[in-house]
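Open the model in your viewer and keep the selection tool at hand. The stops below say what to select next and what is there.

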Amino acid sequence: MRMRKKKHQERRIAACGDWLVAQPQALCGTWKQPNQRLYLEIGCGKGAFAVESAKAQPLAQFVAVERSQNVLVLALERAKEEQARNLRFIGCDAAELGGAFAENEVDGIFLNFSDPWLPRRYHKRRLTHPRMLALYKSILRPGGEVHVKTDNAALFEFSACALEECGFEITFLSLDLHASGQPNIMTEYESKFASTETKILKLVAKVKK
Ligand code: SAH
């Protein structure tokens, strides 16, 4: 990225400082009040899902993680624009989240249209790879849920198998979410498919512990 563009982006991010958590590990164990729910979205992109979810559940706390600064800036600006006070952002790779959340602190994790990483040698980068599921399992409370939405059948099947192998129980599965009548908050990526034949796949898995 050219220097001037980078500086410009840094200024835009700084202007949304209230929504960005620079040192997430410092908030470990303190993200919510005792009776609140805490939901995490990993790979939030431009933030439509996180902002709409936070507005729909104003009593819950939401944290959205995004590693690409180019889209994180748009998500931050959207949250600021909407004054979503129960939503904060972490700008890092999900693999660096260790120590940011305490054991049992999180009620639910949303993975929406995660990068499929199709070649086998890249499967370990998937957000539903057993390495990541071990992290989710430790920070989720007993009965806490992972929600996966994707248009990619290979990633979906991999995720369902990995979740079952890693101590999660699948409690909901749809091979055509938009026809299922289930309540649904659309993501940016998902809305591109709304008028096409592409079916949206969704599962919910509950952690057994
Ligand atoms: N959830 C959004 C974006 C989907 S694209 C939507 O549905 O519209 C996937 C997003 O996840 C990209 O923005 C990418 O930068 C982000 N991402 C992929 N791997 C990640 C990781 N390991 N940690 C954090 N973000 C990640």
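Start by selecting Tyr39, which sits in strand E1. The model is a predicted one, in which local features need pLDDT of at least 70 and side-chain atom pairs count only at pLDDT 80 or more, while totals for chains, interfaces and linings use all residues. Residues are numbered from 1 along each chain as its sequence is written, and side-chain values use heavy atoms, with hydrogens and water left out.

**Tyr39 and the rings**

Is Tyr39 buried or exposed? Tyr39 has a relative accessible area of 13%, so it counts as buried. The cut-offs are under 20% relative accessible area for buried, over 50% for exposed and in between for partly exposed, with a 1.4 Å probe and protein chains only.

Now look at the aromatic rings. The structure holds eight aromatic pairs. Rings of Phe, Tyr and Trp (its six-membered ring) pair if their centres lie within 6.5 Å; planes under 30 degrees apart count as stacked, over 60 as edge-to-face and the rest as tilted.

Select Tyr39 together with Phe62. These two form a tilted pair, 5.4 Å centre to centre with 35 degrees between the planes. The pair links distant parts of the chain, since Tyr39 is in strand E1 (residues 38-42) and Phe62 is in strand E2 (residues 61-65), 23 residues apart. Phe62 is buried, as is Tyr39.

Next, select Phe49 and Phe110. This aromatic pair is also tilted, at 5.2 Å centre to centre and 55 degrees between the planes. It links distant parts of the chain: Phe49 belongs to helix H2 (residues 48-56) and Phe110 to strand E4, 61 residues apart. Phe49 and Phe110 are both buried. Show the four residues together, and you have a cluster: ring pairs link Tyr39, Phe49, Phe62 and Phe110.

**Salt bridges**

How many salt bridges does a search of the whole structure find? The search finds ten. A salt bridge is a side-chain nitrogen of Lys or Arg within 4 Å of a carboxyl oxygen of Asp or Glu.

Select Arg12 and Glu77. They form a salt bridge whose closest N and O atoms are 2.8 Å apart. Arg12 lies in helix H1 (residues 3-14) and Glu77 in helix H3 (residues 69-81), so the pair ties together parts that are 65 residues apart in sequence. Arg12 is partly exposed at 28% relative accessible area, and Glu77 is partly exposed at 27%.

Move on to Lys32 and Asp107, a salt bridge with its closest N and O atoms 2.9 Å apart. Because Lys32 lies in the loop between H1 and E1 and Asp107 in strand E4, this pair ties together parts that are 75 residues apart in sequence. Lys32 is partly exposed, with a relative accessible area of 22%, whereas Asp107 is buried at 7%.

Then select Glu52 and Lys55, whose side chains meet in a salt bridge (3.7 Å, N to O). Both lie in helix H2, three residues apart, about one turn of the helix. Glu52 has a relative accessible area of 30% and counts as partly exposed; Lys55 is partly exposed at 40%.

**Two loop residues**

Select Gln83, in the loop between H3 and strand E3 (87-90). Gln83 has a positive phi of about 50 degrees although it is not a glycine, and it is partly exposed at 43% relative accessible area.

Trp117 is the next stop, in the loop between E4 and H4. Trp117 is not a glycine either, yet has a positive phi of about 45 degrees. Its relative accessible area is 23%, which counts as partly exposed.

**Last stop**

End with Arg125, in the loop between strand E4 (106-112) and helix H4 (130-139). Its relative accessibility is 46%, so Arg125 counts as partly exposed.

Note on methods
Helix = DSSP H or I, 4+ residues; strand = E, 2+ residues; numbered from the N terminus.
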